[in-house]
Amino acid sequence: MSASVPRLVIAAPSSGSGKTTVATGLMAAFAARGLAVSPHKVGPDYIDPGYHALATGRVGRNLDAYLCGPELVGPLFLHGARGCDIAVVEGVMGLYDGAAGEGELASTAHVAKLLRAPVVLVVDASSQSRSVAALVHGFASWDPEVRVGGVILNKVASDRHEELLREALEQAGVPVLGVLRRAPQVDTPSRHLGLVPVAERHAAAVEAVAAMAAQVSDGCDLGALEALARAAGAVPGGSAPWTPASPAHHPTRSDERLTPPSGPALSDEQRAPVVAVAGGAAFTFSYAEHTELLAAAGAEVVTFDPLRDEELPDGTAGLVIGGGFPEVYASELSANEPLRKAVAELAESGAPVAAECAGLLYLCRELDGLPMCGVLDAGARMTERLTLGYRDAVAVSDSVLAEAGTRMRGHEFHRTVVEPGSGTEPAWGVRSPRPRVEGFVQRGVHASYLHTHWASEPGVAHRFVERCRTS
């Protein structure tokens with residue numbers, strides 16, 4: 001694949017300006033033109049990529065220079081964009097907002113520079129006219145390495161308002177590539193952790209994405225935006241696409257077991273261990289690269305839905321439970337007693353179990369007073385306080401994911417608390433915002449609030465799969 005894939009970064013001066021509407025609508029509009037569109041999101045967000053996938057028919061992927069390191073941004077981008085005609089990258093927060101105390105690291109501007117991608121600035125123009133020129137000029141000139149190639153004006157009230165904005169922006173020297181009127185039909189509902197995921201409102205999400213596409217198609221110059229993307233040139237640094245390559249690579253599945261090959265029976269060491277991965281509406285937070293790494297390490301990856309399935313997949317040798325919203329579905333999860341018992345029995349057997357955030361809550365004794373799996377002697381409950389931020393972490397205990405002393409970076413994003421916050425063998429030592437230990441390591445279980453990106457440490461998936469073979 002050519003490293004000169006056409007690309008755009010959709011950014012904004014601040015959160016709430018309309019990035020997701022414009023980025024998702026643009027992805028869908030390009031796809032409607034017959035282009036194969038590669039969708040990406042800056043940062044650790046799990047929800048927006050679901051809307052991106054709906055718009056493009058391809059897996060939404062994250063580009064996080066903090067979790068994965070700047071050196072992996074280009075390769076991960078090229079991996080996701082393989083075989084595509086154009087890529088659209090939705091930014092995070094304001095254009096220059098990065099990891100707290102880390103300068104530009106992990107900001108939209110940082111990722112745009114790493115990809116050498118032109119930026120389209122989405123501006124909420126609802127309460128300004130001539131001032132828009134000063135705002136856009138400031139963002140365009142702040143960092144000469146960031147190329148702001150155009151602006152899309154959002155929430156424009158009228159033709160007269162649009163005229164005033166365009167007159168002002170002529171002085172800023174940044175072309176107007178689109179003007180969007182206020183359109184409540186494209187709004188997507190939010191709750192305590194942001195937008196409601198696609199998996200929970202699929203029909204309504206389809207309608208919302210279609211409305212976004214129509215609004216962007218009607219209000220933006222798609223030809224000019226595509227031309228800007230095609231002028232991006234090669235991704236710098238001679239990057240090659242990231243790959244989860246391994247000597248053994250097995251396909252994933254989500255329904256029937258693969259038919260075993262004919263001939264002599266395979267030994268336990270030769271068989272692909274079944275790794276069950278929780279999915280469905282309650283567990284929607286995951287990075288696509290995790291299942292790719294598990295498969296490349298030799299696992300047969302099977303998805304299941306803890307809200308519906310009363311048994312773990314046949315032959316389950318290991319279990320991965322990522323993030324999501326178990327607090328929203330606590331009653332349904334608790335009511336599925338057969339599966340809760342199956343998870344507890346698997347953990348008791350010593351099989352590898354990796355649980356992040358929502359998975360941690362599911363393994364607790366109870367969540368908001370409702371029985372959960374009881375793997376961990378801890379209780380979980382909702383709170384009003386949002387815990388959010390990047391974390392530098394070091395493995396405190398040897399586990400199915402890492403040896404003690406392994407350093408990784410993670411991200412926390414939740415409004416719950418687990419008491420106690422760690423077991424006798426904690427999972428991680430965390431330096432910020434204050435030094436502490438957190439999480440649980442017991443038998444084959446690794447459970448923690450930290451979301452990590454395994455592409456930054458491929459040995460995690462290999463270690464997990466090997467433990468599945470031998471446990």
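1. In this predicted model, strand β2 (residues 37-42) pairs with β3 in the parallel sense, over 3 bridges. Within this pairing, V42 stands opposite L63 of β3.

2. These two strands belong to an open sheet of 7 strands with parallel pairing, ordered β3-β2-β4-β1-β5-β6-β7. Its edges are β3 (61-63) and β7 (176-181); each has a single partner strand, so one side of each is left without a neighbour in the sheet. From one strand to the next, the twist averages 25 degrees.

3. Helices pack on this sheet. Helix α3 (residues 73-80) touches β1 (7-11), β2, β3 and β4 (86-90), and its direction makes about 160 degrees with that of β3. Helix α6 (residues 159-170) lies across β6 (148-156) and β7, running at about 155 degrees to β6.

4. Two packed helices are described by the angle between their axes and the distance between the axes. For helix α1 (residues 19-32) and helix α2 (residues 48-56), the angle is about 20 degrees and the axes are 8 Å apart. That angle makes α1 roughly parallel to α2, the cut-off for this term being under 35 degrees. The crossing of α1 past α2 is right-handed.

5. The contact between these helices is made by T20, T24, M27, A28 and A31 on the α1 side, and by D48, Y51, H52, A55 and T56 on the α2 side. By class, the contact residues divide into 5 nonpolar, 4 polar and 1 charged.

6. Another open sheet has 6 strands and mixed pairing, in the order β11-β10-β12-β13-β21-β20. The edge strands β11 (300-304) and β20 (440-442) each pair on one side only. Here the twist averages 15 degrees from one strand to the next.

7. Inside the 6-stranded sheet, strands β12 (residues 316-321) and β13 (residues 353-356) run parallel and are joined by 3 bridges. The bridge partner of I321 in β13 is A355. Helix α9 (residues 288-296) packs on the sheet and touches β10 (274-278), β11 and β12, with its direction at about 140 degrees to that of β11. Helix α11 (residues 337-348) lies across β11, β12, β13 and β21 (445-448), at about 110 degrees to β12.

8. A final point concerns confidence. The mean pLDDT of the protein is 91, and 90% of its residues reach 70 or more. Over residues 246-266, however, pLDDT stays under 50, and the model has 34 contacts beyond four places in sequence for this stretch. Where pLDDT is low, the predicted coordinates should not be read in detail.

Note on methods:
Residues numbered from 1 in each chain as written. Predicted model: local features only at pLDDT ≥ 70, side-chain atom pairs only at ≥ 80, totals over all residues. Heavy atoms only, no water. Axes fitted to C-alpha atoms, helices over the stretch in contact; angles between N-to-C directions. Helix = DSSP H or I, 4+ residues; strand = E, 2+ residues; numbered from the N terminus. Parallel < 35°, antiparallel > 145°, perpendicular 65-115°, else oblique. Left-handed = near helix turned anticlockwise from the far one by under 90°. Contact = heavy atoms within 4.5 Å. Nonpolar A, V, L, I, M, F, W, Y, C, P; charged D, E, K, R; others polar. Pairing = 2+ DSSP bridges. pLDDT = per-residue confidence, 0-100.
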